[in-house]
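Hi,

Here is the structure I promised to pass on, with the sequence alongside.

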Amino acid sequence: MVSSKTFLRATVSRLKVRCEKIIVSSISEASVLFKNAPDRIEQEWDALKEEIVNEAFRLDAINNPETVSQDSPLQNQEPESSQNQIDRIREKISIITKSIEG
């Protein structure tokens, strides 16, 4: 029969091996996320800037309808409903979540 001391050492040894595997795996996953983070941040920043410009044109068009130029991105564009905005935001969150998990 195996002594308690040997059994305890075996338990600690196996726990150490499992913890090392988990740590190495986590570090590997984190390195991939950190490697892709700058590109992802840049994409999100560009998208945010575009949304801000479009929102500025939209607000300007609401406040000054006579000043909307032919070059405006909102020319001939109907205001987006709240539900459409919510759906679009949910879709973006879903894409971001999948890219982080993937």
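**The second largest pocket**

The second largest pocket holds about 350 Å³ of space. Among its 13 lining residues, Val32, Leu33, Asn36, Ser99 and Ile100 are the closest to the centre. Two elements, α1 and α2 (82-101), each give two or more residues to this lining, and α1 gives the most, with eight. By type, the lining residues are six nonpolar, three polar and four charged.

A word on terms: a pocket is an open set of points on a 1 Å grid over the protein atoms alone, where a 1.4 Å probe fits and protein lies on both sides within 12 Å along at least five of seven lines; lining residues have an atom within 4 Å of a point. The volume is the space filled by probe spheres set on the points, which are joined across faces, edges and corners. Helices are DSSP runs (H or I, at least four residues), numbered from the N terminus. Nonpolar covers Ala, Val, Leu, Ile, Met, Phe, Trp, Tyr, Cys and Pro; charged covers Asp, Glu, Lys and Arg; the others, Gly among them, are polar.

This is a predicted model, with pLDDT of at least 70 needed for local features and 80 or more for side-chain atom pairs, while totals for chains, interfaces and linings use all residues. Numbering runs from 1 along each chain as its sequence is written, and side-chain values use heavy atoms, without hydrogens and water.

**Salt bridges**

The structure holds four salt bridges (a side-chain nitrogen of Lys or Arg within 4 Å of a carboxyl oxygen of Asp or Glu). One of them joins Lys92 and Glu51, with the closest N and O atoms 2.1 Å apart. Lys92 is in helix α2 and Glu51 in helix α1, so this pair ties together parts that are 41 residues apart in sequence.

Glu44 and Arg40 also meet in a salt bridge (3.2 Å, N to O); both lie in helix α1, four residues apart, about one turn. Another links Glu55 with Arg58 at 2.6 Å between the closest N and O atoms, and these two are three residues apart in helix α1.

**A nonpolar surface patch**

Trp45, Leu48 and Ile52 form a nonpolar patch on the surface, with about 320 Å² of accessible area together. Such a patch joins nonpolar side chains within 5 Å, from residues with over 30% relative accessible area and no salt bridge; areas come from the Shrake-Rupley method with a 1.4 Å probe. Leu48 is found in helix α1 (residues 4-63).

Best wishes

Note on methods:
Patches are made of residues with over 30% relative accessible area and no salt bridge: like charges are joined within 9 Å, nonpolar side chains (Val, Leu, Ile, Met, Phe, Trp, Tyr) within 5 Å.
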